[in-house]
There are 2 protein chains.
Amino acid sequence: MSALYDRVALIGLGLIAGSMALAMRRGGLAGEIVGTARSAETRGVAVEIGLCDRVVETAAEAVMDADLVVLAVPVGAMTAVAEEIGPKLKPGATVTDVGSVKRHVIGAVAPFVPDGVHFIPGHPLAGTEHSGPRSGFAELFENRWCLLIPDADTDPGALQRLRALWEAMGANVETMDADHHDLVLAVTSHAPHLIAYTMVGVADDMRRVTDQEVIKYSAAGFRDFTRIAASDPTMWRDVFLTNKDATLEILGRFTEELFALQRAIRTGDGAHLFEYFTHTRDIRRGIIEAGQDTDAPNFGRGAVKE
Amino acid sequence: MSALYDRVALIGLGLIAGSMALAMRRGGLAGEIVGTARSAETRGVAVEIGLCDRVVETAAEAVMDADLVVLAVPVGAMTAVAEEIGPKLKPGATVTDVGSVKRHVIGAVAPFVPDGVHFIPGHPLAGTEHSGPRSGFAELFENRWCLLIPDADTDPGALQRLRALWEAMGANVETMDADHHDLVLAVTSHAPHLIAYTMVGVADDMRRVTDQEVIKYSAAGFRDFTRIAASDPTMWRDVFLTNKDATLEILGRFTEELFALQRAIRTGDGAHLFEYFTHTRDIRRGIIEAGQDTDAPNFGRGAVKE
């Protein structure tokens with residue numbers, strides 16, 4: 001495939017930007033990939049492993065003459081980056097982001113995007129529990145969804161080109177409204193992450209059960225929670241602070257439902273529990289049929305050796 | 001290895017008993033494996049796939065002359081089975097079980113075990129989200145823990161033989177007190193399962209987000225919960241009803257902690273969130289170092305194809 005963008009600037013060099021660099025290079029999708037990160041250590045690693053064609057020290061420098069600028073920093077850092085790069089953006093360029101929250105990012109970035117530059121927020125629903133410049137891999141986006149958030153004024157050509165890039169990196173692309181995105185993700189991602197963090201915190205705090213026991217006997221269910229609760233703390237702090245309303249709404253519903261199940265346990269209402277647990281099985285089946293997870297037992301984990 | 005028991009009776013032929021049958025056969029650990037299940041359909045499948053040497057219609061028949069009897073039925077069905085087999089047990093035989101709750105099982109089974117028969121409760125911490133006679137596999141117990149619950153009167157020789165069986169099936173064996181077992185498992189398994197069931201139920205019930213969206217965008221975290229929430233409904237109903245106190249205690253702590261995090265979100269206390277999320281990462285590291293999970297991203301799931 002010929003390059004879709006002559007020069008792509010990646011601002012932030014973590015799991016997502018790193019995987020984009022590798023996927024773009026694999027597909028020959030960008031003429032040149034310029035990267036930057038706030039920390040000198042991250043930039044050093046990026047140079048060492050040859051993640052980008054060029055690594056520069058500042059975001060302002062990175063976006064010079066870039067046709068596509070990807071904001072891949074924690075959501076809470078978007079305003080500062082947008083303010084820094086705004087005056088340097090090339091006319092006709094596209095700015096996108098990969099943040100997990102969309103309404104807040106639009107409010108943080110849009111005011112700094114000059115006329116003549118296309119701002120199309122985005123969110124690839126892909127990731128692992130690992131983070132940092134060494135954690136990326138070219139296959140991360142394969143058969144994963146990428147949501148783009150155009151508005152009524154979005155240039156159709158710019159949208160089409162960005163969609164083509166994500167598709168060429170292996171993703172399925174949908175467009176969505178920002179508020180709806182934030183609600184859907186509160187359900188499928190933000191609330192589950194907070195719940196997993198909470199459960200792992202509780203386990204760690206149980207003084208009548210030792211740390212060692214929690215770890216040894218984790219395979220009984222708990223270890224799946226620990227994977228989610230090992231995700232990047234900065235990223236997740238920012239997600240909760242910037243998608244506050246939707247997250248709190250879902251957590252409110254969750255608590256209500258949990259209380260109903262606790263009551264069923266306390267009163268010995270086995271019929272209620274059985275009915276509830278039967279129903280949730282169907283959702284799993286739907287996810288497997290939609291190709292969004294493996295049906296292999298335990299996610300197809302290999303036997304873990306000591 | 002030569003057979004550890006001349007005849008083993010498996011009561012119930014689901015994931016655990018099926019895996020035991022396959023692991024015992026692989027290792028030549030039992031002279032003869034006799035199986036039974038309440039449903040004719042399950043017994044038919046067991047015959048069809050050759051899971052046991054012999055499949056019989058009743059538990060009473062299965063335990064005739066058996067040296068080891070394994071109760072592998074849902075915890076709520078233990079009393080009825082114990083009552084049925086009690087008078088038929090061979091003197092000197094060992095009875096064990098694989099239930100997820102131990103105090104309740106002891107109360108349900110012990111009264112029916114005659115003098116001269118050894119009752120040693122057990123619990124292999126192994127499983128998948130699949131159930132039924134076709135779901136077993138010989139490797140299920142490899143490097144997983146099996147907890148045995150002897151008491152002061154337990155015959156050391158009988159205990160040693162049962163331990164040797166589990167070790168020969170690949171498990172690491174520890175002994176533990178029944179009440180402590182029930183508390184540890186409430187933390188590492190029972191509470192996480194109820195929480196996963198709850199979150200999946202909430203997602204399904206969100207009318208402003210469609211079922212289709214929940215399924216499509218599940219890879220952002222939610223899909224890990226759906227795996228746990230696809231576990232066997234009968235088994236889990238019984239677990240919650242019979243480990244009520246410990247489960248409710250952990251859920252109470254969980255809710256308290258969740259409220260504290262919700263409050264941090266509402267008040268914008270990013271420092272609290274960041275500190276909490278950093279700490280939970282350490283637990284994950286401990287689990288991987290203990291060989292209880294893989295460090296491969298996303299559990300080493302293969303790319304899921306459409």
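User: Which residues does A:Cys52 touch, leaving out those up to four places away in sequence?

Analyst: In this predicted model, A:Cys52 touches A:Leu10, A:Ala21, A:Ile33, A:Val34, A:Gly35 and A:Ala46, once residues up to four places away in sequence are set aside.

User: Where does A:Cys52 sit in chain A, and is the residue buried or exposed?

Analyst: A:Cys52 is placed in the loop between helix 2 (40-48) and strand 3 (54-55) of chain A. The residue is buried, because 27 other C-beta atoms lie within 10 Å, and the cut-off for counting as buried is 20 or more.

User: How far apart are A:Cys52 and A:Val109?

Analyst: They are 57 residues apart in sequence, and from C-alpha to C-alpha the distance in space is 24 Å.

User: Step back a bit. What does chain A look like overall, in terms of helices and strands?

Analyst: Chain A holds 12 helices and nine strands, and its C-alpha trace spans about 65 × 45 × 35 Å along the principal axes. Of the 306 residues in chain A, 55% count as buried. Among contacts in chain A with a separation of 6 or more, 74% are between residues 24 or more positions apart.

User: Which domains is chain A divided into?

Analyst: The division is into domain 1 (5-176) and domain 2 (180-295). Taken over C-alpha atoms, the centres of domain 1 and domain 2 of chain A are separated by 30 Å. The contact takes 15 residues from domain 1 of chain A and 18 residues from domain 2 of chain A. On the side of domain 1 that touches domain 2 in chain A, the classes are six nonpolar, six polar and three charged residues.

User: Now the chain pair. How many residues of chain B are in contact with chain A?

Analyst: For chain B the number is 98, and these are in contact with 98 residues of chain A. On the chain B side, the elements giving two or more residues are helix 7, helix 8 (211-216), helix 9 (222-228), helix 10, helix 11 and helix 12 of chain B. Helix 7 of chain B gives the largest share of that side, with 19 residues. By class, the residues on the side of chain B that touches chain A divide into 50 nonpolar, 26 polar and 22 charged.

User: Let's look at helix 10 of chain B. How many of its residues are buried?

Analyst: Eight of the 10 residues of helix 10 of chain B are buried, so this helix is largely enclosed by the rest of the structure. The buried residues of helix 10 of chain B are B:Pro233, B:Met235, B:Trp236, B:Arg237, B:Asp238, B:Val239, B:Phe240 and B:Thr242.

User: What covers those buried residues of helix 10 of chain B?

Analyst: The cover includes helix 11 and helix 12 (270-289) of chain A, together with helix 5 (103-109), helix 7 and helix 11 of chain B.

User: What span should helix 11 of chain B have?

Analyst: Helix 11 (residues 244-267) of chain B has 24 residues and, at 1.5 Å a residue, should span 34 Å; its end C-alpha atoms are 34 Å apart, which agrees. Its buried residues include B:Ile250, B:Leu251, B:Phe254, B:Leu258 and B:Leu261. Just after helix 11 of chain B, B:Gly268 takes a positive phi of about 75°.

User: One more, on A:Asp65 and its backbone. What is the phi there?

Analyst: A:Asp65 has a positive phi of about 65° although it is not a glycine, and A:Asp65 lies in the loop between helix 3 (59-62) and strand 4 (68-71) of chain A. With 13 C-beta neighbours inside 10 Å, A:Asp65 counts as partly exposed.

Conventions
Residues numbered from 1 in each chain as written. Chains lettered and ligands numbered in written order. Predicted model: local features only at pLDDT ≥ 70, side-chain atom pairs only at ≥ 80, totals over all residues. Helix = DSSP H or I, 4+ residues; strand = E, 2+ residues; numbered from the N terminus. Buried ≥ 20, exposed ≤ 12 C-beta atoms within 10 Å, placed from the backbone. Contact = placed C-beta atoms within 7 Å. Expected span 1.5 Å × (residues − 1). Nonpolar A, V, L, I, M, F, W, Y, C, P; charged D, E, K, R; others polar. Domains from an automatic or database assignment.
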